[in-house]
Amino acid sequence: MQIIKQYWELFLVFFKIGAFTFGGGYAMIPLIRNEVVKKKEWLNDSEFIDMLAIAQSIPGPIALNTALFVGNRRMGFKGSLFSAAGIILPSFIIILLIAILFAQFRDNPLVERIFKGIRPAVVALIAAPLLGLSRSAGVNRKNLWIPLVVALTVWLLKISPIFIILAAILLGLSHLAYLKILMKK
Amino acid sequence: MELIDLYIALFLSFFKIGLFGFGGGYAMLPLIQREVVELHGWISVADFTDIVAISQTTPGPIAFNSATYIGYSAVTEMGFTTGYGILGSAICTLAVSIPSLILMTLVCAFFFRLKGNPWMESSLSVLKPAIIGLIASAALMLMNGNNFTDYKSWIIFGVVLAASVKKVDPILLILLSGVAGLLLYPT
């Protein structure tokens, strides 16, 4: 009984986080910290920072990675299934309802006019955080060429983002290998 | 049979998106767009932009929102009923989550101290700036004739960009630009 309650609690906490965080990813971090560190005390602050580093180092949505980590640390693999279900379900339900309803309104001229105004705004919202994010990603004069080359090749040459990701990892690894060889000499 | 093939294609696409979606959120957009708009043509660029708009006004990560939406619409656009569409949503959502589940289970099991590992740090030192480039490319790819129909689009873009840099709430900005669309584009 006690164990079922703990799984249920994991589910509920992440359901709440999934239901109330707009904008995903970075916007969710304060809310997750409030629930997981302050209220439930499942992690302390330094574990929380480590978890964020791991969640951002592996692929996939950061919110999902965070949920998986906390679930796994508390209740093992099964726990991570419950926390993942919690974080996934709110947006699944909401978007499914929108998809079903939106299909009926899509060709309505009124809706089309509204979205004509919204579409350029969406592009602006994607572009706006670039400057702040560049700073936290450690972009400086020396490595500014990396985001520029990536943006231009993906945009103009239609290079696959998968290729870019693999090339970036490979470049990082070979840079370190090169430094190690230099040091041995 | 056609339906099974579609489910398999959706699963594989979203599995790829989950597996290579470093940086989360907007950084995953070019990858999603490439798979669902360019390679498979499940939705148009305008529809894709609408999904991003819906994602910005509803809770939850963009990757889940697009998985749910595209899973449903790709299946129903082919003439299958709502029930099959819901199954499509579930398949895409699972597919995009499975890579994270596997990787995080490994990380927790072996207690990889990823942080501080020099190989990890060195990869991230290139990966992080590259992710900034991916987000920029997402914005650039959406700046096309479908989304920017005339000079009014550029005015909305400029105003929202300035307001967003000043930290105005994105949901409010989306709602206001919807109203702007109604006012600027009379029938």
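**Conventions.** I number residues from 1 along each chain as its sequence is written, with chains lettered from A and ligands numbered from 1 in the order in which they are written. Because the model is predicted, local features need pLDDT of at least 70 and side-chain atom pairs count only at pLDDT 80 or more, whereas totals for chains, interfaces and linings use all residues.

**Entry 1: helices 1 and 2 of chain A.** I took helices as DSSP runs (H or I, at least four residues), numbered from the N terminus. The axes of helix 1 (residues 2–20) and helix 2 (residues 29–39) of chain A come within 10 Å and cross at roughly 160 degrees; axes are lines fitted to C-alpha atoms over the stretch in contact, with angles from 0 to 180 degrees between N-to-C directions. Helix 1 of chain A is therefore roughly antiparallel to helix 2 of chain A, the term for angles over 145 degrees. The crossing is right-handed, that is, the near helix is turned clockwise from the far one by less than a right angle. I listed the contact residues (C-beta atoms, placed from the backbone, within 7 Å): helix 1 of chain A gives A:Val13, A:Lys16, A:Ile17 and A:Phe20, and helix 2 of chain A gives A:Leu31, A:Ile32 and A:Glu35. By class, this contact has 5 nonpolar, no polar and 2 charged residues. Nonpolar means Ala, Val, Leu, Ile, Met, Phe, Trp, Tyr, Cys and Pro; charged means Asp, Glu, Lys and Arg; the others, Gly among them, are polar.

**Entry 2: the contact between the chains.** Chain B contributes 94 residues and chain A 82. On the side of chain B that touches chain A, the largest share, 24 residues, comes from helix 6 of chain B. That side divides into 58 nonpolar, 31 polar and 5 charged residues.

**Entry 3: helix 8 of chain A.** I compared the end C-alpha atoms of helix 8 (residues 161–184) of chain A, 35 Å apart, with the 34 Å that its 24 residues should span at 1.5 Å a residue, and the two agree; the expected span is 1.5 Å times one less than the number of residues. Its buried residues (20 or more other C-beta atoms within 10 Å of their own, C-beta atoms placed from the backbone) are A:Pro161, A:Ile164, A:Ile165, A:Ala168 and A:Gly172. Their cover includes helix 7 (145–156) of chain A together with helix 1, helix 2 and helix 6 of chain B.

**Entry 4: helix 7 of chain B.** I found B:Ser153, B:Ile156, B:Phe157, B:Val160, B:Leu161 and B:Ala163 buried in helix 7 of chain B. These residues pack against helix 5 (109–127) of chain A together with helix 8 of chain B. After helix 7 of chain B comes B:Lys167, with a positive phi near 70 degrees.

Notes. Helices (H or I, at least four residues) and strands (E, at least two) are DSSP runs, numbered from the N terminus. Angles under 35 degrees count as roughly parallel, over 145 as roughly antiparallel, 65 to 115 as roughly perpendicular and the rest as oblique. Two residues are in contact if their C-beta atoms, placed from the backbone, lie within 7 Å. A residue is buried if 20 or more other C-beta atoms lie within 10 Å of its own, exposed if 12 or fewer, and partly exposed in between; C-beta atoms are placed from the backbone.
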